[in-house]
Amino acid sequence: MYATQALTQLVPLAADELDKNKVTPGVLGFLVFAALAVGVWFLMKSMNRHMGKVDFEEAPDPAAAPTGTDGKAEAATSGTAKATAPGKG
């Protein structure tokens, strides 16, 4: 027997007690919502565990030419970085 056939047989039994002004999701709605909440909690816990394993340190760009210590000290003391790339006025 399919689930839809079982539900269609149970609907007439519930029709006598159904108040159209007072329809609630019921126990099944709560269980589905609770299962979704527990699933999201487990997914967030797993995500936090995986994010803890990620190394966020970037490797230096091999294509970038080293600017030397003067450029780095100058940018660090002034508090601003150059907006244009070196060599492009």
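These are my notebook entries on one predicted chain.

I worked on a predicted model, where local features need pLDDT of at least 70 and side-chain atom pairs count only at pLDDT 80 or more, while totals for chains, interfaces and linings use all residues. Residues are numbered from 1 along each chain as its sequence is written, and side-chain values use heavy atoms, with hydrogens and water left out.

**Confidence.** I looked up pLDDT, the predictor's confidence in each residue from 0 to 100. The chain mean is 75, and 53% of the residues reach 70 or more.

**Elements.** I counted three helices and zero strands, in the order α-α-α from the N terminus. Helices (H or I, at least four residues) and strands (E, at least two) are DSSP runs, numbered from the N terminus.

**Surface.** I noted an accessible surface of about 8800 Å² for the chain, 65% of it belonging to carbon and sulfur atoms. The areas come from the Shrake-Rupley method with a 1.4 Å probe. Of the 89 residues, 0% count as buried (buried is under 20% relative accessible area, exposed over 50%, partly exposed in between).

**Loop between H2 and H3.** I found Phe56 in the loop between helix H2 (26-52) and helix H3 (69-78). Phe56 is exposed at 61% relative accessible area. Together with Met47, Met51 and Val54, Phe56 makes a nonpolar surface patch of about 420 Å². Asp55 lies in that loop between H2 and H3 and is exposed at 58%. A polar atom of the Asp55 side chain lies 3.4 Å from the backbone nitrogen of Glu57.

**Aromatic rings.** How many aromatic pairs does a search of the whole structure find? I got one. Trp41 and Phe42 form this pair, edge-to-face, with 5.0 Å centre to centre and 65° between the planes. Rings of Phe, Tyr and Trp (its six-membered ring) pair if their centres lie within 6.5 Å; planes under 30 degrees apart count as stacked, over 60 as edge-to-face and the rest as tilted. Phe42 counts as partly exposed, at 47% relative accessibility.

Terms used: Patch = residues over 30% accessible without salt bridge, like charges linked within 9 Å, V, L, I, M, F, W, Y side chains within 5 Å. Salt bridge = Lys/Arg side-chain N within 4 Å of Asp/Glu carboxyl O. Buried < 20%, exposed > 50% of the residue type's maximum accessible area, 1.4 Å probe, protein only. Polar contact = N/O pair within 3.5 Å; in protein donor to acceptor, adjacent residues only side chain to side chain.
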